[in-house]
Amino acid sequence: MVPFAATMCLVQCAYAATPYTKDPHGGAYLWMMLATLLAFAFPLLLTARDKHPEAVFWSCCAAVTVFPYDPLLMLMALTALIARRSDRARTIRAVGAGAAVAVWAHLRDALHPAEASFWHEVFAEPGTGTDGVPIVMMTGETPIVVTAIVVGLVGTLIATLSGLHIRSRARLSTAQAQADAAVSHARTLRSDLADQRLADAIAAEAHDTLAHSLSLLALNASALQAEASHLPPSEQATAIARKAEDIRRQAAGALDEAHQIIDMLRHPQTAWEQLAPSDETALTRDSLDDLLVDARNAGMSLNTWIDIRQLGDLNDSTAKTAYRAVQEGLTNARRHAPGAPVSLEVTANPENGVHVHVTNPVAPSVSPPVPSSAGSVAGSPVAGLIAAMGESDAVESSPRQPGAGLPGLVARARESGGDCRYGVDDRSVFHVDVTLPWVWRAPNERRP
C-alpha cells in the first residue's frame, strides 16, 4: 500500500510541476519540491491505520487536498477506517468527505493545462506531447472533466465497498469464534453436569453403604464394650474393653472422614480447598507421631528408624505425599499382614530428599491374640464378636489382592517428581519404597 500510494503521489506531482520547471527559483517551484519530498512521507501514515484509522484518514484527506497528490492515498485510508469503525454516522461522514476530496483531486488535475495534466495525457493522441510535438487531444475538455469526476466517485465507491466487505468478514470471523466458544462452553457444561451426576450417585451410594457400615461397626464396638463391662474383673475383660473403645473411636473417625469425602463429591467447588495440604495431612513431627501411636495402639509391632530435618521448609504438596506414603505403607501392612512385625524407615533432609521405606513379612510371624479360655464368655455376644474378628483376620491374611492404595501412591509419587516401588523380595518380605525430591517451601509460607 505504501509504495503504490507514494508512486501515484509522485506521478501527480511530476505533472503538476511541469509548468514551473523553467523558473527553479520561484515560490511555486519550491512548493512542488516540498510536495515531492513529502510524497515519500505521507504514505507512511497508513502503517498507523490499525490503531488510529480516523486520524490517518483525515490526515490523508488534508494532504491530498493541500498538495497535488492522487487520491489513492486517501482512499486506502478510507477503506481502513470503514473496516475498523462501525459507527454509522462516522462512516457516512468519512464517505462524504472522501468523495469530495477524490473528486477535487481528479478535477484539479483535469483543469490544469494539457501539458501539466495526467488526464489530458490519457486523452491525448498517441505520439503527441513528447519530443517537442505539441499535444493534440482526442476529445474536448468537458468529457475529460466528467471522466475525472466519475473516476473520483467510482474510486470512493470501491474503497467504501472494500471497507464494508472487510468489516463484514471480520464480524463473521468474530461471530464464528463466539459460536465456537459457546459450543465448547456448552460441551464443557454437559461434561461437568454428567460428572456431577456421577459424583452425586457415588456420594449417595457411599452414604448408603460405607457410612452405614461404619456406623454399625461403631455400634457393635460400643456393644462389645458394654458386654465387657459385665464380665468378671480380669485383664482379659479390661483388654477387650480397651480394644472395643479403640475400635469405636477409630470407626467414628472413619465415619467423619467418609462424610467429608461424600461432601466433597457433592460440592466439588470446595473440594480443592478441603484437599489442600494441612498440618494433619502433611509430614510433620506431630502428624508422624500420631500415625505411629495409632498403629501401635491397634496392636502393630512396629520398629522405626526416623531421621528428619527441616520439615518446616518442605513444600506442602511434597509433605502431603510423604505423609500419605507412611500412612498407606502402615495401612497396607496392617491389612495384609495383621500381627506381623513392621519396619518403618523415614528420612527427610534437603540433601537427600524424602525417603519412606516400609517392610513386613508376607506370612504373619505373630498370630493375633486369641482368648486362651472362652468359658467365661461362651454364649454371650462377646463370643460372637470375637469369633467374627478372628474370621476377619483369617480373610485378611489370605494372599494379597490388587487394590487401589499402592497404585494410587505410585501416581502421587510420580506427580511429585519422585518414584514408588513395591513388591516381595526373595525372603518373602514385602517392601514399599517411596523416594521424593526435596522441594523448598516459599519463604513466606514456612512453618515455624
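Reader: Which helices each supply at least two residues of the lining of the second largest pocket?

Author: H11 and H13 do. Keep in mind that this is a predicted model. H11 gives the most, with three residues.

Reader: Which residues line this second largest pocket?

Author: The lining consists of Ser317, Lys320, Thr321, Arg412, Glu415 and Ser416.

Reader: Now the helix itself. Which residues of H13 are buried?

Author: Start with the cut-off: buried means under 20% relative accessible area. In H13, which spans residues 405-415, Leu406, Leu409, Val410 and Ala413 are buried. They sit on the same side of the helix, because their arc around the axis is only 105 degrees.

Reader: What covers the buried residues of H13?

Author: The cover includes helix H11 (316-336). Strands S4 (419-424) and S5 (429-436) are also among the covering elements.

Reader: Which residue just after H13 takes a positive phi?

Author: Gly417, with a phi of about 85 degrees.

Reader: And the whole protein? How many helices and strands are there?

Author: The protein has 13 helices and five strands. Of its 448 residues, 34% count as buried. Now take contacts between residues at least 6 apart in sequence: 70% of them join residues at least 24 apart.

Methods
Residues numbered from 1 in each chain as written. Predicted model: local features only at pLDDT ≥ 70, side-chain atom pairs only at ≥ 80, totals over all residues. Heavy atoms only, no water. Buried < 20%, exposed > 50% of the residue type's maximum accessible area, 1.4 Å probe, protein only. Helix = DSSP H or I, 4+ residues; strand = E, 2+ residues; numbered from the N terminus. Arc of directions from axis to C-beta. Contact = heavy atoms within 4.5 Å. 1 Å grid on protein atoms, 1.4 Å probe; cavity = no way out; pocket = protein on both sides within 12 Å on 5 of 7 lines; lining within 4 Å.
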